[in-house]
Amino acid sequence: MADQSDSSADQNPLDPRLMPTLRHWQAHEAGAGPVIVDCGWGRLLLGQTFTNPEQLVKALEDESEQQRDVAIYVRDPHVIVARSPQRLFLDPSHTFRLPLQRATLADQQHIDWFVRTAQPDDEEAINRILQSRNMVPVAPGFLERGASDERLVLLVAQEAESDNVVGVVTGVDHVKACGDAEGGSSLWSLAVDAQCLRHGIGYALATELAKRFRDRGRRYLDLSVMHDNVEAINLYQKMGFERVPVYCVKNRNPINEKLYVGPSLEEKLNVYAQIIVDEARRRGILAEVIDAEYGYFRLSFGGRQIICRESLSELTTAVAMSRCDDKRVTRRVLEAGGVHTPEQMTVGDDEALRSFLERHPRVVVKPARGEQGHGITVDVRGEEAVRAAIEVAKRYCDDVIIEELAAGEDLRIVVIDHEVVAAATRRPAQVVGDGKTALKTLIERQSRRRAAATHGESTIPIDDETARCIDAAGFDYDSVLPEGKTLTVRKTANLHTGGTIHDVTAELHPHLRSIAEKASRLLDMPVVGLDLMVPAVDGADYAVIEANERPGLANHQPQPTVERFVDLLFPQTCRAANSKERKG
């Protein structure tokens, strides 16, 4: 139910904003046949075109596998749900409406990206964006089929230089769909690439869709948004959307599970632990939280119990963990097994330090033990700067190592049960100038976006290391970057310091795959995240720089990292889990 204090429309059944919907129902009571629009990720059922509850319930129950159907403009949603309470539920979303003919839709001028009609070749990019936002991807071949469906308007945002698609939105024309006498339209599946540095893309996509419908003479644009999606609601209200008490009905399926099972009763786990617990529960595995703050939980199934801390489980021995915990030991084990690693030294002897810097003018300074990029300074040059970086590293560990800087892309490979499951390049935090905003504000803005995209796990620190990086580029926090200029504000690519992750599993060179699997066996790690520096992901050259005994399994969509982890812990549940996936 909507909060009545949120909108005067909720308190007045004759509110003029509702009259178009009321007339919809009256106009279709005679019945011209139910209208169902295939949107790729599922079907949109226009509830006002169904003559009775039974007809709508049956249509919803015909939902296809791996799809998310939505019924909107349902005259009596409580009655529909009551007809099939074990199968249907009332979606916890708000509906917003934009009166198109009196809306202010500003033109958006950008030099580095633009909005255009989607093409069939965009399907892979669109699905990558949807999956990065935990949304349902479109079915194979949908873009080609949808291009000829006059009921649909499919738009994408594309970067001018790289041709990368970075945003997508779907529009449904109600006049084309059902001869809507009120001239309505609706917006669905607005998504912006979680790794995108550009700002204003979601606003521009929604604005362009609204303008296209207004040019067709449509009177209003409706949309449905989750009640707690504050970021999206703020965007829509900025555009002039107003809340209306219109509700959606959906099916109880695994895709929608979190919407109808209610919040977990235990303390909130971080995202890395929660996704594992969620997957385990989907398989009927009992999950008990031991320590929510530090991510400890116990999984039980068929007499077997395993305690985990996120992706670190009791299957990893203490000896194996110690090999990853100390970066010096990691290097020795891997080098002895024929895996290439950068040259390294432990800080202590001044002459040895000077000799090392003569051989390697650019180095990385890091604590010998630690994680999440804490205390690491990358691309340090000169003895004075190195000594300053050593003091930073000592805040996290008494022992500090210096390592030659390996050139190339930062590549994370996740290996589970000695098989590569996912590979992703990690890029340091960056911002893009707009010619008018101070650099510190750009960083703070991008940090908020990264936090929103990663459940708060990724933020860009405003600290000495960030100041060092922007100073090396000739700027300070008060500088205004020219429009379109990209600036790297951190040298490390860790997610926790604002880095971005880009799936490259399909492009991974076979030699890199075999090296990662070999390294996992040398370290005797059933689950490990290996960090490599590579000139090219599809090339054979590499240097392994670290091994993480507790790799984060989130943010690797669409690779099944969590599924393979639970497979490892409880192999007897694999078949049941796969069967459930097929059934949707």
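Me: Which residues of helix α2 (residues 53-61) are buried?
Reply: In this predicted model, the buried residues of α2 are Leu56, Val57, Ala59 and Leu60.

Me: How do you know that they lie on the same side of α2?
Reply: Around the helix axis they cover an arc of only 160°, which puts them on the same side of α2. An α-helix has 3.6 residues a turn, so residues three or four places apart point the same way.

Me: What covers the buried residues of α2?
Reply: The cover includes the strands β1 (35-38), β2 (43-46), β3 (70-72), β4 (88-90) and β12 (248-251), along with helix α3 (77-83).

Me: What caps the N-terminal end of α2?
Reply: Asn52 does, with a side-chain oxygen 3.2 Å from the backbone nitrogen of Glu54. A polar contact requires N or O atoms within 3.5 Å.

Me: Why is Thr500 called buried?
Reply: Buried means under 20% relative accessible area. Thr500 has 7% relative accessibility, so Thr500 counts as buried. Thr500 is in strand β25 (residues 500-503).

Me: What does the side chain of Thr500 make a polar contact with?
Reply: The partner is the side chain of His502, at 2.9 Å. Beyond four places in sequence, Thr500 is in contact with Gln195, Thr425, Arg426, Arg427 and Arg450.

Me: Where does Gly382 lie?
Reply: Gly382 is in the loop between β19 (377-381) and α14 (383-394). From Ile255, Gly382 is 127 residues apart in sequence and 54 Å apart in space, C-alpha to C-alpha.

Key. Residues are numbered from 1 along each chain as its sequence is written. This is a predicted model: local features need pLDDT of at least 70, side-chain atom pairs count only at pLDDT 80 or more; totals for chains, interfaces and linings use all residues. Side-chain values use heavy atoms; hydrogens and water are left out. Helices (H or I, at least four residues) and strands (E, at least two) are DSSP runs, numbered from the N terminus. Buried means under 20% relative accessible area, exposed over 50%, partly exposed in between (1.4 Å probe, protein chains only). A polar contact is a pair of N or O atoms within 3.5 Å; within protein, one must be able to donate a hydrogen and the other to accept it, and residues adjacent in sequence count only if both atoms are side-chain atoms. Contact means heavy atoms within 4.5 Å. The arc is that of the directions from the helix axis to the C-beta atoms.
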